[in-house]
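Before this entry goes further, I would like to set out a few remarks for a colleague who will work from the coordinates. Please read them with the structure open beside the text.

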Amino acid sequence: MVTARTARSLFSVCVASRPWSVWTSVCAGEKWWEARSRQLHGVRTIWDNRKQASAGWGSRHQSTSADWGSKKHAAKRKIKLQTAQLMMDAEMEQQLAPLRASCKEQGDLVRKLKAEGAPEMDIKKEVQELKARKKELEDMILKLSPADTFDRAKMNDLIKRRFFYDNSFAIYGGITGQYDYGPMGCDLVDNLLSEWHKHFVIQERMLKVNCSILTPEPVLKASGHVDKFADYMVKDVKTGECFRLDHLIKQHFEKVMADKKTSAEEKEALSLTLARLDGMTMEEMNDLMRKHDMKSPLTGNNLTDATEFNLMFPISIGPSGNLKGFLRPETAQGIFVNFKRLLEYNQGKLPFACAQVGNAYRNEISPRSGLLRVREFTMAEIEHFCDPDDKSHPKFAQVANTEMVLYSGCAQMDGESAKRMTIGEAVHGSGLSSLGLLSTTAEVGALDRYLKERSYILDHSPSQADLVVWEALRQPPPSDLFHASRWYRHLSSFSEKERLGLPGKKLMLEELTGGRQKGLVANETLGYYMARIQQYLLRIGINPKKLRFRQHLSNEMAHYACDCWDAECLTSYGWIECVGCADRSAYDLQQHTKGSGVKMCVERPLKEAVMVDSLAPQPDKGMIGKTFKKDAKAVQEALAALTIDQAEQMDKALTEQGEYELSGFKITRAMIPSFKREQKKVFVEEIVPSVIEPSFGVGRVFYSLLEHSFRVREDDDKRTFFSLATVVAPIKVSVLPLSNKQEFVPFTTQLADALTEMNLSVKIDDSTGSIGRRYARTDEIGIPLGITVDFDTVNKVPHTVTVRERDSTQQVRMPIEEVPLTIKNLADGKTQWKDVTDKWPIFTSQETTK
Ligand code: AMP
């Protein structure tokens, strides 16, 4: 077999004496780059093709999205961006102080009401006020922050011109909220998803599914989408044109506020009302619309009162029209309904995670902000199923030191800014030194020494003796916190039940660990995913200064969720939720158990067997078989799964009414003549797993990445380009012959072939434009590296080419046979451009020009 090394030396021999066209046949059997490419072969996944949902054509008013290609937005517009919320100067802080204080005052009120157990409605109202004050503070921070100029019109022009994406059905006028991805957009999305697959599915050993988009109604009834997945909508009384009420109010207020005739006080009042808009009830919004006499912005006609509009696309499945359903509004439900199969596949064990990538459909009333709010979008979702009493994560220690910018609910309530901290601190509190008993560094040091002496290991459970020794620990001097914090982490990962079961006093353990409530983030698994989400976003090129994790306030979070953090990217549209990461407790599985009658639980071994009462139906199997035929098995399973309460209910109903409905089957007394009461010894208990859900909106990540990568050359503001990270760049390298003379062709084509063989995407630009213009064209679409075949390549031996890096525009000259591996290593992130410039001379000009 020809190894990479021998292949390269063969190549060197060939290259010295023969033209390119002959080399390949000389290196008989296997081409030098084939050997290399076999070794370097990378994994690529193919992105689930975007599926098109059919829909009614938009009316003329609907035909172009609010800010896509309209003249208003094509106009030059500088948008201010807040780059680093963390770095405020003293003067700014002075201006912000009253707003911060006002948030804190309101936050304290909310806390007080919660502590006093005030009615839910009262708390909601005050949280609403808190959000309004928080928004005011954030707006002011944005206003005062150093401006970073970003020209959205310029970027949109580039996106459109080089067809990253465009309005769907544009030649017919387009439809709002629907976009087609062009060649560059498709490849970029493919690469984002391929990295996502490697980062999550492969590295975390997840399962994967691909479920149906056409979803029957009962599934979405059980999940709550049929009843609750709605926005408030008003209609033009004459034309029937629809508007999302909160958007309409916002637009109206913004227009009034922009009017020179509006007084400063009026503006102030409107801005305050705007800040309170999110979370207003339908009645409150209706009142606002009437009070300000709002009309249709398109026709000036009157508007109806608001109604709730469900955002799902209804469909009927099959020709009869009898089976009602919806296009799925998220991919998650497909995973939940397959939970039993996935658990079996995982040999009945927790924890495990399952991922799904695919399109979701939401009939947004007023899609806006380009790709940020659309009707058809790709989601990449993960459902991590774990023991509700043990949400520790075995790999948490690996990410514990990851620094993140966290904007906690508390900070939002106190009017404080987001804080940088490690995820370890966020989950487990700031360490032992700040906790109850461990209030002095001397105490921490003492524990540390004690643990060192005992060669403490993480899977060691504290014994009574440990606790006694700990109680006795009261002497200096302090030392490093390493062992102590591992001890602390270990103890705090214990469930309440485990802690109670441990020897020693509960209070003691609570003090030792600081209790779970000390951490900002609810548990290790949630924290682990937050850190992994951040790693992914940074890897693909999201600007770390424009990334934060914001915790949901209690009125934003679904009632069943324990904790929820959004990865938000700062764009010219403000902070945008790109990834949601929530601990959804057992809600989804419980709902589908109720909806389908199929138990979604896991058997957890008990430490000691226990005796339990049971009431088992004694079915007449023959009769059940005859009556239900192919469904008999399902009926038997449902009978076997009855809890004691359900069995009692069934027995009662069969006695009193003679029949009982079980999972949609009518059961009669004759089928279950009796029930047997007995005591059973059980070795396992059934638990419903909790679900931690990271949910990525791929379009939003894609758009944020484009904004974060958009650049304008300092010396020429017409030269715009995307500084895409090499791992995600759609095309990794360009090959540009300086002349279209015949002698250049073999060098160009065979170099391009060698790169392609290594799975690198290549663009050959042999057009006649100047090399500068051709570089500019390749820069525009984010190609990170460019190879130029020039006269020296053709005329001089050994044959060399130049390699150029897009961002610095620096060029080096290197032997042609070194190029494919150099490019491959750069594309895979194994080497950096600096390594290349250290090794090869910087290119200034060619020696031959003919
Ligand atoms: P949700 O299930 O509403 O939490 O949404 C999950 C993720 O999907 C969000 O974090 C967004 O990134 C994305 N997303 C939700 N709605 C839309 C939309 N209409 N258009 C584009 N992306 C969306």
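The numbered points below go from the whole chain to the ligand site and then to single residues and local backbone features.

1. On the model as a whole. The structure is a predicted model, and every remark below should be read with that in view. The protein chain has 850 residues, of which 51% count as buried, and its secondary structure comes to 34 helices and 30 strands. Among contacts in the protein chain with a separation of 6 or more, 73% are accounted for by residues 24 or more positions apart.

2. On the shell around the ligand. The ligand is surrounded by 15 residues, and the closest of them are Arg362, Glu364, Val374, Glu577 and Cys578. Three strands, namely E13 (376-386), E18 (574-583) and E23 (690-697), each supply at least two residues of this shell. Which strand provides the largest share of the shell? That strand is E18, from which 4 residues come.

3. The side chain of Glu364 has an N or O atom at 2.8 Å from a nitrogen atom of the ligand, while a polar side-chain atom of Glu577 is found 2.6 Å from an oxygen atom of the ligand. Gly697 takes part through its backbone, with an N or O atom 3.3 Å from an oxygen atom of the ligand. Taken alone, the ligand exposes 480 Å², and the protein buries 85% of that area.

4. On Ser572. This residue is found in the loop between strand E17 (563-571) and E18, the strand that also gives 4 residues to the shell around the ligand. Is Ser572 buried or exposed? Because its relative accessibility is 12%, and buried means under 20%, Ser572 counts as buried.

5. On Asp246. Helix H11 (residues 245-258) contains Asp246. With a relative accessibility of 15%, Asp246 counts as buried. Once the neighbours within four places in sequence are left aside, Asp246 is in contact with Leu277 and Met285.

6. On a sheet of 3 strands. This open sheet runs in the order E6-E11-E10, and its pairing is antiparallel. Strand E6 (214-216) and strand E10 (314-317) stand at the edges, and since each has a single partner strand, one side of each is left without a neighbour in the sheet. On average, neighbouring strands of this sheet are turned by 45 degrees against each other, direction ignored. The antiparallel pairing of E6 with strand E11 (residues 323-327) extends over 3 bridges, and Thr215 has Phe326 in E11 as its bridge partner.

7. On the cis peptide bonds. As background for this point and the next, most peptide bonds are trans, and most residues other than glycine have a negative phi. The peptide bond from Leu350 to Pro351 is cis, with omega near -10 degrees, and Pro351 has its place in the loop between helix H15 (339-345) and strand E12 (352-361). A cis peptide bond also joins Val797 and Pro798, with omega at about 0 degrees, and Pro798 belongs to the loop between helix H32 (791-795) and strand E29 (800-805).

8. On positive phi values. Phe163 is not a glycine, yet its phi is positive, at about 50 degrees; this residue lies in the loop between helix H7 (152-161) and strand E3 (165-167). Ser585, also not a glycine, has a positive phi of about 50 degrees, and its place is in the loop between E18 and helix H25 (587-596). How does the accessibility of these two residues read? Phe163 has a relative accessible area of 36% and is therefore partly exposed, whereas Ser585, with a relative accessible area of 16%, is buried.

Conventions. Residues are numbered from 1 along each chain as its sequence is written. This is a predicted model: local features need pLDDT of at least 70, side-chain atom pairs count only at pLDDT 80 or more; totals for chains, interfaces and linings use all residues. Side-chain values use heavy atoms; hydrogens and water are left out. Buried means under 20% relative accessible area, exposed over 50%, partly exposed in between (1.4 Å probe, protein chains only). Contact means heavy atoms within 4.5 Å. Two strands pair if DSSP finds at least two bridges between them. Axes are lines fitted to C-alpha atoms, for helices over the stretch in contact, and angles run from 0 to 180 degrees between N-to-C directions. A residue is near a molecule or strand if one of its heavy atoms lies within 4 Å of it. A polar contact is a pair of N or O atoms within 3.5 Å; within protein, one must be able to donate a hydrogen and the other to accept it, and residues adjacent in sequence count only if both atoms are side-chain atoms. Accessible areas come from the Shrake-Rupley method with a 1.4 Å probe; for residues, only the protein chains shown count as cover.
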